[in-house]
Amino acid sequence: KLNEYNENNAMMDLVLFEQAILHITRINRIIQNPGGNAMLIGVGGSGKQSLCRLAAFISDYEVKQLTVTSSFKVEDLKEEL
């Protein structure tokens, strides 16, 4: 699926070691549940966003990213959703 993703989107040069694959399957399982959501926590550059994008692609979901500023309010979140 990574090769297929790279053909249709910006190139994602990932090394899919066993832990990364386990994280993708966990993310996939979570987002396929109705109302499923997760907060991924980790150091910057550890691949959280890339793994989420790949898991969403595998599930045929569209990824949207919010731009949060200091003036971002609950109303802005509701509008984005």
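The chain has four helices and zero strands, where helices (H or I, at least four residues) and strands (E, at least two) are DSSP runs numbered from the N terminus. Along the sequence the pattern reads α-α-α-α. This is a predicted model, in which local features need pLDDT of at least 70, side-chain atom pairs count only at pLDDT 80 or more, and totals for chains, interfaces and linings use all residues. Residues are numbered from 1 along each chain as its sequence is written, and side-chain values use heavy atoms, with hydrogens and water left out.

The C-alpha atoms fill a box of roughly 40 × 25 × 25 Å, taken along the principal axes. Take the contacts (heavy atoms within 4.5 Å) with a separation of 6 or more: residues 24 or more positions apart account for 64% of them.

Now the surface. The chain exposes about 6700 Å², and carbon and sulfur atoms supply 52% of that area. Areas come from the Shrake-Rupley method with a 1.4 Å probe; for residues, only the protein chains shown count as cover. Of the 81 residues, 17% are buried. Buried means under 20% relative accessible area, exposed over 50%, and partly exposed in between (1.4 Å probe, protein chains only).

Next, look at helix H4 (residues 74–80), which holds leucine 77. Leucine 77 counts as partly exposed because its relative accessibility is 33%.

Finally, the charges. There are 8 positive and 10 negative side chains, and the centres of the two sets lie 7 Å apart. Lys and Arg count as positive, Asp and Glu as negative; His and the chain ends are not counted. Each charge is placed at NZ of Lys, CZ of Arg, CG of Asp or CD of Glu.
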